[in-house]
Amino acid sequence: MENQIIRKGIRQLLVGIIPLVMQACYYDSVQELYPNPIACDTTNVTYSADVWPVINANCVSCHSGPGASGNIRLANYDEIVIQANNGNLMGAINHEPGYSPMPKGGLKLPECDITKIQIWINDGTPDN
């Protein structure tokens with residue numbers, strides 16, 4: 001008799017807990033959570049529309065003026081082109097070995113931004 005009461009109690013407990021456990025195990029896939037990811041538009045990449053805003057937002061605060069970090073200046077087109085043409089810009093933002101990863105102490109730039117900068121460099125760093 002006592003054994004039956006214990007079994008019944010356990011059964012009732014399981015019936016009440018299993019639905020809660022099943023709900024706790026539910027997860028969404030990335031596709032379900034973010035069905036329309038923002039595409040990276042790499043058509044018509046320009047310095048003024050694509051490269052400068054990224055550099056200005058992520059680099060200029062440390063890499064401008066007489067006290068520029070690492071003596072690397074990125075405050076204007078001519079300074080950025082120097083670093084782009086010598087490979088330092090891409091090496092740093094791609095966090096490649098032998099380069100100081102930039103932004104310093106921050107996360108790597110979004111792949112879309114890096115791709116746009118690389119396209120601009122591959123196109124000959126036009127000033128437009």
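Which residues are buried in helix α3 (residues 47-58)? They are Y47, D50, V51, V54 and I55, where buried means under 20% relative accessible area and exposed over 50%, with a 1.4 Å probe and protein chains only. These five lie on the same side of α3, because they cover an arc of only 120° around the axis, taken from the directions from the helix axis to the C-beta atoms. An α-helix has 3.6 residues a turn, so residues three or four places apart point the same way. On the other side of α3 you will find A49 and A57 exposed.

A word on the model itself. It is predicted, so local features need pLDDT of at least 70 and side-chain atom pairs pLDDT 80 or more, while totals for chains, interfaces and linings use all residues. Residues are numbered from 1 along each chain as its sequence is written, and side-chain values use heavy atoms, without hydrogens and water.

Now back to α3 and its partners. Its buried residues pack against α4 (77-85), α5 and α6 (111-122); helices here are DSSP runs of H or I with at least four residues, numbered from the N terminus. At the start of α3, a side-chain oxygen of T46 comes to within 3.1 Å of the backbone nitrogen of A49.

Helix α6 holds K116, a lysine that counts as buried because its relative accessibility is 15%. Leaving aside neighbours within four places in sequence, K116 is in contact (heavy atoms within 4.5 Å) with C40, D41, T42, V45, D50 and V51. Of these, D50 and V51 are among the buried residues of α3.

Methods. Helix = DSSP H or I, 4+ residues; strand = E, 2+ residues; numbered from the N terminus. Polar contact = N/O pair within 3.5 Å; in protein donor to acceptor, adjacent residues only side chain to side chain.
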